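Have the sequence and the 3D view open as you read.

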Amino acid sequence: MSEEGDETLFSNTKRVREAISLMNGLDETKLSVVVRRLARALGDKEGSSKAFSEEEVEQLQSHLGLSAVELSTVLEACSYIFEKTAYDLVKPADLSEQLQTSGMLAPQARAIAGVWEAEAKRVLGKLRSASLGGTPRLKATEWQLHVQAARSDLSRVAEPRAIFQLVLDGPKDKESAGNVTMEFSKEELAGFLGQLDKMQSQLDSLN
């Protein structure tokens with residue numbers, strides 16, 4: 001299990017701990033087959049909750065030696081792991097390390113990370129193309145530099161501000177989502193661009 005003070009990507013809830021304990025008792029080859037099916041369902045309209053039919057769920061219970069409640073716990077936790085991994089753009093090697101920090105045994109953690117390595121590009125592509133419940137998409141960007149003299153002393157120029165306007169498109173079945181305006185100081189802009197660079201690096205590592 002993780003030592004006190006270790007930072008983990010995944011919530012250390014009772015249900016997650018129970019799921020990890022159950023997964024530690026599963027053969028890693030069987031586990032990888034299950035999680036691959038869940039990963040491929042991410043981004044689908046019905047999501048990973050419908051990755052298996054009722055008949056397949058019954059077969060899984062017998063195949064894995066789990067009760068209905070235990071299997072539900074494992075499937076929900078696996079879905080959570082991949083959703084969190086996709087959201088944070090976690091690299092496969094880092095995913096294995098994070099799972100082990102959360103208490104998962106190395107063979108099972110490597111099995112899940114191996115599935116993510118194989119499926120990440122497909123999953124992220126589906127998530128990008130999906131509407132994600134009507135989330136607006138970026139259509140264009142506009143920017144300008146704004147400099148305003150200080151009111152108390154017109155001879156002294158205040159700090160310049162960068163103003164960005166994001167032009168958004170709503171889902172196809174809705175009207176335009178409108179625009180978003182953001183204003184940054186020099187320091188704020190540097191921090192924002194740093195975050196974008198980090199995101200781009202993580203995306204590149206998964207392609």
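A salt bridge here is a side-chain nitrogen of Lys or Arg within 4 Å of a carboxyl oxygen of Asp or Glu. Keep in mind that you're looking at a predicted model. Going by that cut-off, the count comes to 8 salt bridges.

- K84 pairs up with D88, and their closest N and O atoms sit 3.3 Å apart.
- Both K84 and D88 belong to helix α4 (residues 68-88), where they are 4 residues apart, or about one turn of the helix.
- K84 counts as partly exposed, at 26% relative accessibility.
- D88 is partly exposed too, at 24%.

**Around R161**
- R161 makes a salt bridge with E183, with 3.0 Å between the closest N and O atoms.
- That pair links distant parts of the chain, since R161 is in strand β2 (residues 161-169) and E183 is in strand β3 (residues 178-184), 22 residues apart.
- R161 itself comes out as partly exposed, with a relative accessible area of 23%.
- E183 is partly exposed at 44% relative accessibility.
- The R161 side chain also meets that of E188 in a salt bridge, at 3.6 Å from N to O.
- E188 lies in helix α7 (residues 186-206) and R161 in strand β2, so this pair ties together parts that are 27 residues apart in sequence.
- E188 is partly exposed as well, at 41% relative accessibility.

Technical notes: Residues numbered from 1 in each chain as written. Predicted model: local features only at pLDDT ≥ 70, side-chain atom pairs only at ≥ 80, totals over all residues. Heavy atoms only, no water. Helix = DSSP H or I, 4+ residues; strand = E, 2+ residues; numbered from the N terminus. Buried < 20%, exposed > 50% of the residue type's maximum accessible area, 1.4 Å probe, protein only.
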